[in-house]
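Student: Can we go through this model together? I'd like to start with how the chains meet.

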Number of protein chains: 2
Amino acid sequence: MSEDLRKLFDYIERNSNSYVEELRRFCKQESISAQKKGIEECSELLLNMMKDIGIKGERIRGKGNPVVYGEIKGKKDDYILFYNHYDVQPIEPLEEWVYEPFSAEIRDDRIYARGVADNKGNLMARLMALKSILELYKELPIGLKFFIEGEEEVGSPNLRSYVESMKEKLRAKGCVWEGGDKDVRGMPQTYLGAKGILYVELRINTAGIDQHSMYSTIIPNPAWKLVWLLNTLKDDKENILIEGFYDDVLKPTEEESRMLEEIEFNEEEYRRNFGVKNYLLNRKGLELLKALVFNPTCNISGIEAGYTGKGSKTVNPSWAMAKVDFRLVPKQKPEDILGKLKAHLKRKGFKDIEIIEHGYYAPAKSSINSRIARVTIETSKLAYGQTCKVLPITPGAGPMCYFTDLLDLDVIGGECLGRPDSKIHAPNENIVIKDYIDCIKHVSAIIMRFSALS
Amino acid sequence: MSEDLRKLFDYIERNSNSYVEELRRFCKQESISAQKKGIEECSELLLNMMKDIGIKGERIRGKGNPVVYGEIKGKKDDYILFYNHYDVQPIEPLEEWVYEPFSAEIRDDRIYARGVADNKGNLMARLMALKSILELYKELPIGLKFFIEGEEEVGSPNLRSYVESMKEKLRAKGCVWEGGDKDVRGMPQTYLGAKGILYVELRINTAGIDQHSMYSTIIPNPAWKLVWLLNTLKDDKENILIEGFYDDVLKPTEEESRMLEEIEFNEEEYRRNFGVKNYLLNRKGLELLKALVFNPTCNISGIEAGYTGKGSKTVNPSWAMAKVDFRLVPKQKPEDILGKLKAHLKRKGFKDIEIIEHGYYAPAKSSINSRIARVTIETSKLAYGQTCKVLPITPGAGPMCYFTDLLDLDVIGGECLGRPDSKIHAPNENIVIKDYIDCIKHVSAIIMRFSALS
């Protein structure tokens, strides 16, 4: 390791207690976007923390929750753009938390707090990396920009218009997304893209009130109609039957397939974690990983009609609904898929179906050869002792497309913080403190080395 | 009208206030079988009321709630058997009741109480008919037996064994079921049979916990499996696809078809009451009535999986379930249909389906030419001013089979009390007071005339 980074890592180690305290201070401020709790307070706290470090910050107010934006110049007149969000998921079910979700308790080697793994820990790791460089070297080698939204946990409904209105401001040489994580063996991994999503709710209404089920011979049952409808969307071989659904799917490149071969997918570990009986279509090993990363989905996230309580009640329901989410892969376009879904339903004769759109965004993918990808991967070994693995696409969805497509930026997931048992979106969310300190080191190395790369 | 009935009807009119008070007293005693509330108290109250009238009564205790049994001799050593139940449905949602469900409030021409239409009003009408004959004529022309169960509202799970153990005791010349009702125009109607039922819950479990929906490419989604399964049970032309399902269905006789032609099915009234947009398969008029009365069903009473709250949450559910009820027509046998369902699922390759049986009983049908049917129909005009219409089978289900098959009895629905807006099983259950008094007259005429019929 070169002298400048060795010194920097030492400095980070020496100051780790205060970096942990800064993170705890930030986690103690609730910021639940779904329930509109603490958004103003959290965005103000964040802005002040950024200003204290020396970042020129402001709150940008458009529709929805404000974006916290900040920038700081470096020696070179180029910028790296960091994307994060300051909002967190709701805390329910509260009774399952061992510690108060906004107390940021430390137990053994971990910090427990809502949002600490998703993604307040990443955000603070970035700010602390910047702080440590400034304190030690007085100047950054390159400028940094921070785009921190407050609606990621509710599907980023206004992100597109924020990004569009800030296009000039957000100019940069590369973008680091909200963060990578560690796999079941503790291996760091990050990613170059994210699936898109299209989330619709299909509702069928046949009567004003539920009726005694004896009327099911004369009044249509919306649950049956929904079953027949859904059955036309996907068959039991997992083929999605919407005409043209696969038209725009880009086949994975050879390089992308090779990237997966380097990643160990521990199917037994997953089986245990999820209590899975059988994998889909009896897939195994690399097949599973390929399906997870490369396949688009048509998934029933929820379905409901009629009586769902204990025991028996005979009813012909008045309505039925299904929540269906599609995860889209490059180059599928959500607007196009929605249009194809509507055409499909029409063609199949399903009338009077209410389609509620719960949001969508496109998939995104960057090259592993971009400068921001290379510097992230190359510096990872310095921070974690091993080079991070890279997924071409994270199986989850994220609104990365606004940065790749609207801003024409290369994007990479970033530093590797969370673990499989970090309980993201669930009670007892946590991170390992050492992982947080390692992430500060990783981000500081990215900042120090970006400009040096050809 | 003959002198003896004219006198009797006058007597009933003169005493109607006290008959209403007896009914209110009975309705004020809760007796919710599903929640085990007031069962002992109500069966004791009923027994005492019967004894006060002069009936020799007892509580028969087997498995489940006790049966209240009573008998009283008549001039002739024959008996009519009355079937009723003293239990009622739960009162939830309580906030929708205008009056307390067990206050038996009188407003305008109606009594409001849980159970007053189903079927405490019928039971009391029968007891008051008997009381009025005894008070006026000191003796009954024929003996009466009362079989009053306490579990009808939870599917009569122990009825079969009660009836089997009381076979000798229940010997009679005919049986009157729990009561007919009035149609949308106020026309009295009763019935000669009831559909059977088979109620199953199908459960599919694929994992120990719900997962993020990104895993839906590798972990099976039970909601999809359920959709594919249900799709094999019925097609969108309403054909039930279980092999052999229709094998034992008796075609309606010409006489039964003619009976329906005499009944006006007011499709516009039903459409308004239920807020129905379109009838099933665009059926109209008599077609609707025929489907309602003669068709067996395969109905989804409930379906649930995954996230069913507001907005969007992406999840691959760990379980899915559907509650499916089959209404069976003569001579379908529920055990046989259950076997055919299981064979069907096996044949179609659906494994690991948990089938929970929530109960079943067979359909039942009696002849319109039986003495109990003829006397009920002939005397109806005296009580209501018009002869009651007769359905060969009520579209609802009822455990009538134990009386037709085990006791070899002819059965008819009986006096016509409830109305389409009586809100059976719903908040603000009610009856029209005049209908109750008319029912007392009808039952008293049945008792007075049964023996006279050849």
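This is a predicted model: local features need pLDDT of at least 70, side-chain atom pairs count only at pLDDT 80 or more; totals for chains, interfaces and linings use all residues.

Student: How many residues of chain A are in contact with chain B?

Tutor: 60 residues of chain A touch 60 residues of chain B, with contact meaning that C-beta atoms, placed from the backbone, lie within 7 Å.

Student: Which element gives the largest share on the chain A side?

Tutor: Strand 12 (299–306) of chain A, with 8 residues. Strands here are DSSP runs of E with at least two residues, helices are runs of H or I with at least four, and both are numbered from the N terminus.

Student: And by class?

Tutor: That side of chain A divides into 25 nonpolar, 26 polar and 9 charged residues. Ala, Val, Leu, Ile, Met, Phe, Trp, Tyr, Cys and Pro count as nonpolar, Asp, Glu, Lys and Arg as charged, and the others, Gly among them, as polar.

Student: In what sense does strand 12 of chain A pair with strand 12 of chain B?

Tutor: Antiparallel, over 5 bridges; pairing requires at least two DSSP bridges between the strands. A:Glu304 stands opposite B:Glu304 there.

Student: What rotation superposes chain A on chain B?

Tutor: One of 179°, with 0.1 Å of shift along its axis and an RMSD of 0.2 Å.

Student: Why do the copies meet through the same surface?

Tutor: Because 100% of the interface residues of chain A are also interface residues in chain B.

Student: New topic: what are the domains of chain A?

Tutor: Domain 1 is 3–192 + 366–449 and domain 2 is 195–249 + 296–361, with bounds from an automatic or database assignment. Their C-alpha centres lie 37 Å apart. Domain 1 puts 8 residues into the contact and domain 2 puts in 7.

Student: Last one: at what angle do helix 1 and helix 13 of chain B cross?

Tutor: Roughly 150°, with the axes coming within 10 Å. Axes are lines fitted to C-alpha atoms over the stretch in contact, and angles run from 0 to 180 degrees between N-to-C directions. Helix 1 of chain B contributes residues including B:Leu5 and B:Phe9, and helix 13 of chain B residues including B:Ile437 and B:Met448.

Note on methods: Residues are numbered from 1 along each chain as its sequence is written. Chains are lettered from A and ligands numbered from 1 in the order in which they are written. Two residues are in contact if their C-beta atoms, placed from the backbone, lie within 7 Å. Copies are superposed by least squares on the C-alpha atoms of residues with pLDDT of at least 70 in both.
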